[in-house]
Amino acid sequence: LKTPIALIQGYAEGLKEGINDDDEESRNFYCDVIIDESGKMNNMVKKLLTLNQLEFGNEVITMERFDIVMLIHNYIQSAEILIRQNDATVRFEQDTPVYVWGDEFKTEEVFMNYFSNALNHLDGERIVDIKLTQESKTVSVFNTGIPVPEDSLPHLWEKFYKVDKARTREYGGSGVGLSIVKAIQESMNQKYGVVNYENGVEFWFEL
């Protein structure tokens, strides 16, 4: 939280001192930075509160039967703007309903974290490949790009761990998303993981 707070303070002081009274473009830039950084901070605080509730068992898990295929299709549709902005090709070929047992809202949060991670680390062919293995009820999200360094793999699920701090900062990542995945999956007693490939990375979770 220190970085956005420092930036907000610095740019607010600059505005108050009237550094750019005669320059509307600079003034707007200062305001944009303050809005952007406070948005990142708000997002981070929300994630920390969610994680805190999950870790201390205060978050209620509502187990129900739902169609995981529809959940994925609906999320991809809602993320259309992000997909275009990242020049991504998203592939998900499953159309037949597949019913699973779990907390639908929290499952969407797990998928959302994997999907946004995939978009933020795209490279090469810029493909996001989503697969559903019906036998094991496993959902996987693969993105083309640079594999995660082997020594970082065990640490990915730790709070605030970032493989590439500069890149994470660029897209506003907090380093909390995967620890939320871990907490949600463990609260439902289900497995999760990550696999490196030569041309990218695959994150998966079971239901």
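## Packing of α2 with α7

In this predicted model, helix α2 passes helix α7 in a left-handed crossing (left-handed if the near helix is turned anticlockwise from the far one by less than a right angle, right-handed if clockwise). Helix α2 and helix α7 (residues 177–187) pack at an angle of about 30°, with their axes 10 Å apart; axes are lines fitted to C-alpha atoms, for helices over the stretch in contact, and angles run from 0 to 180 degrees between N-to-C directions. The two are therefore roughly parallel (under 35 degrees; over 145 counts as roughly antiparallel, 65 to 115 as roughly perpendicular and the rest as oblique).

On the α2 side, K47, T50, L51 and L54 make the contact, and on the α7 side G177, S179, I180, A183, I184 and S187; contact means heavy atoms within 4.5 Å. By class, the contact of α2 with α7 has five nonpolar, four polar and one charged residues, where Ala, Val, Leu, Ile, Met, Phe, Trp, Tyr, Cys and Pro count as nonpolar, Asp, Glu, Lys and Arg as charged, and the others, Gly among them, as polar.

## Basis of the values

Residues are numbered from 1 along each chain as its sequence is written, and side-chain values use heavy atoms, with hydrogens and water left out. Because the model is predicted, local features need pLDDT of at least 70 and side-chain atom pairs count only at pLDDT 80 or more, while totals for chains, interfaces and linings use all residues.

Helix α5 (residues 104–120) packs with α3 at an angle of about 50°, with the axes 11 Å apart. The helices α3 and α5 are therefore oblique to each other, and α3 passes α5 in a right-handed crossing. From α3, I68, L71, I72, Y75 and I76 meet E104, T107, E108, F111, M112 and F115 in α5; by class, the contact has eight nonpolar, one polar and two charged residues.

## The sheet

The secondary structure of the chain comes to seven helices and seven strands (DSSP runs numbered from the N terminus: helices are H or I of at least four residues, strands E of at least two). Five strands form an open sheet of mixed pairing, in the order β2-β4-β5-β7-β6; strands pair if DSSP finds at least two bridges between them. Because β2 (89–91) and β6 (192–197) stand at the edges with a single partner strand each, one side of each is left without a neighbour in the sheet. Neighbouring strands of this sheet are turned by 15° against each other on average, direction ignored.

Strands β5 (residues 138–144) and β7 (residues 200–206) run antiparallel and are joined by seven bridges; F205 in β7 is the bridge partner of V139. Helix α3 (residues 68–78) lies across β2, β4 (127–133) and β5, running at about 165° to β4.

## Aromatic pairs

The count comes to ten aromatic pairs (rings of Phe, Tyr and Trp, its six-membered ring, with centres within 6.5 Å; planes under 30 degrees apart count as stacked, over 60 as edge-to-face and the rest as tilted). The rings of Y11 and Y30 have centres 4.8 Å apart and planes at 80°, so this pair is edge-to-face. Y11 lies in α1 (residues 2–16) and Y30 in α2 (residues 24–55), so the pair ties together parts that are 19 residues apart in sequence.
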